[in-house]
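User: I have a model open and want to talk it through. Can you take my questions as they come?
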Amino acid sequence: MGKETGFLEYERHDRGYLDPKERVKNYKEFVIPLAEGELRTQAARCMNCGIPYCHNGCPVNNIIPDWNHLVYEDDWRDALEVLHSTNNFPEFTGRICPAPCEASCTLNIMDTPVTIKSIECAIVDRGWKEGWIEPQVPSKRTGKSVAVIGSGPAGMACAQQLARAGHSVTLFEKNDRIGGLLRYGIPDFKMEKHLLDRRKKQMEAEGVTVRASTEVGVDVSFKSLKENFDAVVLSGGAEDPRPLQIPGAELPGVHFAMTFLAQQNKRNAGDDEKTAAPNGSLLATGKHIVVIGGGDTGSDCVGTSNRQGAASVTQLEIMPKPPEKENKALTWPDWPLKLRTSTSHDEGCERDWAVLTKRVLGENKVTGLECVHVEWKEGKMVEVPGSEFTLKADLILLAMGFLGPRKQGMIDQSGVALTDRGNVDANVVDYKTSEDMVFSCGDMRRGQSLVVWAIREGRQCARAVDEALMGVSELPR
């Protein structure tokens, strides 16, 4: 794979970024792609591993060494075909995936993994530029119909695969545009939305009927879908946010992160303020922002707040500060727990770890947040005496994760069994729920997770549905 001595001859070189002072002036993507020659050089670093652990690291099982070698050989079109054989939307993962494949790369033992994510993104971007990516219209129709509910990455992947198998697929989305978390959760500066629109056109040409602004359980009953479709797929995501259960959390100025992020994405899409924020505008402009939650959603709030002109941004995490470097002997090739600093953090943010929030301050609106540092003793979290502190806050954004899918409406009407954690109960073999010919995939089934896991589950669920309808399936797993 690649050049056998490439990893010895070439150093790792990855994509760069626009200067933070420049990129915070707008919501455009700011990654600077590598030149074609440099990409081929980086692909040449892919080793002829006896066991390519990157395969195991990648949730969609991308055949990474093969398309790396094809890029090295300047065979971009075949590289695209190999890439698409496992991943419907590599332009999404090539932008927002945390790249567990690179963590599993053999060269990561020395902290110099192959730039897999950058090469993946370059392959698919070139495919679109050259016009190589076209609708894959099935040669024959099966006469079977499937309703896919939820148009996030799992629903999109499932719908596209089922349409390519010849089924009549209707993709239901409660929002006005498809994409789910990709559309209204991921900021435009990480992934611009024309990428979603482009795939939507491809899917419609392949036979997918998109019904946006249609909430199943409200605008159309679940019973009617069961009566009018041969199979139903639940792929609505995990949308029930974890609340902040401390005194004062009910005050104006405490909001869920997804409300804040969705409003800005709608503004970027051209919506007027009344449409983007029907219940009132959430803006960080001139305000002291506190983000509770140290994950990706919290980081996205930081980047968006910076672009809106916040006076200050502080991000809090209840867990201890991770080590800056992992112990390779203990973690590789698994995903390591270590300190991760995002591009949003680089744009300006105070971060604090092992922080427990105690009380939101204010009367008619938020003015501050009382906190205390914690430590773990004998497996229990205890407050550190004398570590209490107060943060000034005009707007508190809650990015503490999700508790599973919203139950009211579709889930309640469907009657499907739930797990102890509140997710739809279905396994990863046949993706069947407790209801006949009702399937589930993505975050609605597994809980909050990565986009790349959603794509994997959508593809595998499509095969399970196809097999249930037809007895056999030629769709890949």
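**Lys407 and beyond**

Analyst: Start with Lys407: setting aside neighbours within four places in sequence, Lys407 is in contact (heavy atoms within 4.5 Å) with Asp412, Leu418 and Gly422. This is a predicted model; local features need pLDDT of at least 70, side-chain atom pairs count only at pLDDT 80 or more, and totals for chains, interfaces and linings use all residues. Residues are numbered from 1 along each chain as its sequence is written, and side-chain values use heavy atoms, with hydrogens and water left out.

User: Where is Lys407 found?

Analyst: In the loop between E15 and helix H19 (410–414). Helices (H or I, at least four residues) and strands (E, at least two) are DSSP runs, numbered from the N terminus.

User: What lies 2.8 Å from a polar atom of its side chain?

Analyst: The backbone oxygen of Pro405. A polar contact is a pair of N or O atoms within 3.5 Å; within protein, one must be able to donate a hydrogen and the other to accept it, and residues adjacent in sequence count only if both atoms are side-chain atoms.

User: Switching to H16. How many of its residues are buried?

Analyst: 11 of the 13, so H16 is largely enclosed by the rest of the structure. Among the buried ones are Asp300, Asn306 and Arg307.

User: What do they pack against?

Analyst: Helices H2 (20–23), H14 (257–268) and H18 (343–346), plus strands E8 (288–292), E9 (312–316) and E15 (395–398).

User: What follows H16?

Analyst: Gly309, with a positive phi near 85 degrees.

User: Now the largest nonpolar core. Which residues touch the most other members?

Analyst: Trp67, Ile123, Val233 and Val465, out of 68 residues. A nonpolar core is a set of buried Ala, Val, Leu, Ile, Met, Phe, Trp, Tyr and Cys residues joined through side-chain atoms within 4.5 Å. Helix H21 (residues 451–470) gives the most to this core, 9 residues.

User: What does Val233 touch?

Analyst: Its partners include Val148, Phe439, Cys461 and Val465, with residues up to four places away in sequence not counted.

User: And overall, how many helices and strands?

Analyst: The protein has 21 helices and 16 strands. Buried residues make up 52% of its 477 residues.

Definitions and conventions:
Buried < 20%, exposed > 50% of the residue type's maximum accessible area, 1.4 Å probe, protein only.
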